[in-house]
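Please look over the sequence and the structure below before reading on.

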Amino acid sequence: AWEEASWQKENYVTAEEHLEVKDSFVTLTWVPREENDLADALTNLNFDAFDMNLREAVSEEDMGWLVLDELMENSRVLSEEIKAHKEMKRAENRKKKHKVHKFFGNWAS
(Lines give C-alpha, C1' and ligand atoms only; values in the text may rest on other atoms or scores of the structure.)
Protein backbone atom coordinates (compact mmCIF):
# COMPACT_ATOMS: atom_id res chain seq x y z
CA ALA A 1 0.00 0.00 0.00
CA TRP A 2 2.87 2.39 0.81
CA GLU A 3 4.49 1.80 -2.60
CA GLU A 4 1.22 2.55 -4.36
CA ALA A 5 0.67 5.71 -2.31
CA SER A 6 4.27 6.82 -2.95
CA TRP A 7 3.86 6.22 -6.72
CA GLN A 8 0.61 8.18 -6.77
CA LYS A 9 2.19 11.06 -4.85
CA GLU A 10 5.17 11.19 -7.26
CA ASN A 11 2.81 11.28 -10.25
CA TYR A 12 0.75 14.01 -8.62
CA VAL A 13 3.87 16.10 -7.98
CA THR A 14 4.97 15.72 -11.61
CA ALA A 15 1.51 16.69 -12.88
CA GLU A 16 1.46 19.61 -10.48
CA GLU A 17 4.80 20.89 -11.83
CA HIS A 18 3.48 20.74 -15.40
CA LEU A 19 0.37 22.66 -14.42
CA GLU A 20 2.39 25.34 -12.62
CA VAL A 21 4.45 25.99 -15.75
CA LYS A 22 1.21 26.62 -17.67
CA ASP A 23 -0.32 28.71 -14.84
CA SER A 24 -3.09 26.13 -14.48
CA PHE A 25 -4.51 24.23 -11.56
CA VAL A 26 -6.49 21.12 -10.82
CA THR A 27 -8.57 20.00 -7.88
CA LEU A 28 -8.32 16.31 -7.00
CA THR A 29 -10.99 14.49 -5.06
CA TRP A 30 -10.75 10.91 -3.86
CA VAL A 31 -13.62 8.67 -4.90
CA PRO A 32 -14.04 5.16 -3.46
CA ARG A 33 -13.30 2.51 -6.09
CA GLU A 34 -16.78 1.00 -5.88
CA GLU A 35 -18.18 4.39 -6.89
CA ASN A 36 -15.74 5.02 -9.72
CA ASP A 37 -16.79 2.96 -12.73
CA LEU A 38 -15.26 5.51 -15.13
CA ALA A 39 -11.77 4.99 -13.70
CA ASP A 40 -12.14 1.23 -14.04
CA ALA A 41 -13.26 1.66 -17.64
CA LEU A 42 -10.18 3.78 -18.43
CA THR A 43 -7.91 1.25 -16.74
CA ASN A 44 -9.38 -1.42 -19.00
CA LEU A 45 -8.99 0.84 -22.09
CA ASN A 46 -12.76 1.05 -22.44
CA PHE A 47 -13.53 4.55 -23.72
CA ASP A 48 -17.22 3.98 -24.56
CA ALA A 49 -18.40 6.45 -21.88
CA PHE A 50 -16.10 9.21 -23.15
CA ASP A 51 -16.57 11.63 -26.03
CA MET A 52 -13.77 10.79 -28.46
CA ASN A 53 -14.07 14.29 -30.00
CA LEU A 54 -12.67 15.69 -26.75
CA ARG A 55 -9.65 13.42 -26.83
CA GLU A 56 -6.31 15.12 -27.49
CA ALA A 57 -3.36 13.39 -29.08
CA VAL A 58 -0.19 13.79 -27.02
CA SER A 59 3.34 12.95 -28.08
CA GLU A 60 5.85 12.04 -25.38
CA GLU A 61 8.58 13.78 -27.37
CA ASP A 62 6.62 17.06 -27.26
CA MET A 63 5.83 16.90 -23.54
CA GLY A 64 8.78 18.95 -22.30
CA TRP A 65 9.45 16.81 -19.24
CA LEU A 66 10.47 18.78 -16.16
CA VAL A 67 11.99 15.99 -14.07
CA LEU A 68 12.05 12.87 -16.24
CA ASP A 69 15.45 13.49 -17.87
CA GLU A 70 17.09 14.00 -14.48
CA LEU A 71 15.29 10.97 -13.06
CA MET A 72 16.46 8.78 -15.94
CA GLU A 73 20.07 9.95 -15.58
CA ASN A 74 19.99 9.31 -11.83
CA SER A 75 18.57 5.82 -12.41
CA ARG A 76 21.40 5.08 -14.88
CA VAL A 77 24.03 6.21 -12.35
CA LEU A 78 22.36 4.18 -9.58
CA SER A 79 22.28 1.09 -11.80
CA GLU A 80 26.01 1.44 -12.51
CA GLU A 81 26.76 1.84 -8.80
CA ILE A 82 24.74 -1.28 -7.96
CA LYS A 83 26.54 -3.31 -10.65
CA ALA A 84 29.95 -2.12 -9.38
CA HIS A 85 29.01 -2.97 -5.79
CA LYS A 86 27.83 -6.47 -6.79
CA GLU A 87 31.03 -7.09 -8.74
CA MET A 88 33.11 -5.96 -5.75
CA LYS A 89 31.21 -8.39 -3.49
CA ARG A 90 31.69 -11.24 -6.01
CA ALA A 91 35.44 -10.52 -6.15
CA GLU A 92 35.64 -10.52 -2.34
CA ASN A 93 33.80 -13.87 -2.20
CA ARG A 94 36.10 -15.40 -4.84
CA LYS A 95 39.14 -14.18 -2.88
CA LYS A 96 37.78 -15.72 0.35
CA LYS A 97 37.19 -19.09 -1.37
CA HIS A 98 40.75 -19.24 -2.70
CA LYS A 99 42.43 -18.16 0.51
CA VAL A 100 44.95 -20.74 1.78
CA HIS A 101 44.76 -21.44 5.48
CA LYS A 102 47.94 -22.49 7.27
CA PHE A 103 47.60 -24.28 10.54
CA PHE A 104 50.44 -24.52 13.03
CA GLY A 105 50.63 -26.50 16.20
CA ASN A 106 50.23 -29.97 17.55
CA TRP A 107 46.97 -31.50 16.29
CA ALA A 108 47.52 -34.89 17.83
CA SER A 109 46.41 -34.01 21.34
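What follows describes charged pairs and a surface patch in this predicted model.

## Salt bridges in helix α3

A search of the whole structure finds six salt bridges, and some of them can be followed residue by residue. Side chains of opposite charge can pair when their charged atoms come close. E73 and R76, which both belong to helix α3 and lie three residues apart, about one turn of the helix, meet through their side chains in a salt bridge with an N to O distance of 2.4 Å.

R76 also forms a salt bridge with E80, where the closest N and O atoms are 2.5 Å apart; these two residues are four residues apart in helix α3, and therefore separated by about one helical turn.

Another salt bridge joins the side chains of R94 and E87, with 3.1 Å from N to O. R94 is partly exposed, at a relative accessible area of 42%, and E87 is likewise partly exposed, at 37%.

## A nonpolar surface patch

On the surface, V58, M63 and W65 form a nonpolar patch, and together they have about 280 Å² of accessible area. V58 is located in the loop between α2 (37–43) and α3 (68–97). V58 counts as exposed because its relative accessibility is 60%, and the term exposed applies over 50%.

Note on methods: Residues are numbered from 1 along each chain as its sequence is written. This is a predicted model: local features need pLDDT of at least 70, side-chain atom pairs count only at pLDDT 80 or more; totals for chains, interfaces and linings use all residues. Side-chain values use heavy atoms; hydrogens and water are left out. Patches are made of residues with over 30% relative accessible area and no salt bridge: like charges are joined within 9 Å, nonpolar side chains (Val, Leu, Ile, Met, Phe, Trp, Tyr) within 5 Å. Accessible areas come from the Shrake-Rupley method with a 1.4 Å probe; for residues, only the protein chains shown count as cover. A salt bridge is a side-chain nitrogen of Lys or Arg within 4 Å of a carboxyl oxygen of Asp or Glu. Buried means under 20% relative accessible area, exposed over 50%, partly exposed in between (1.4 Å probe, protein chains only).
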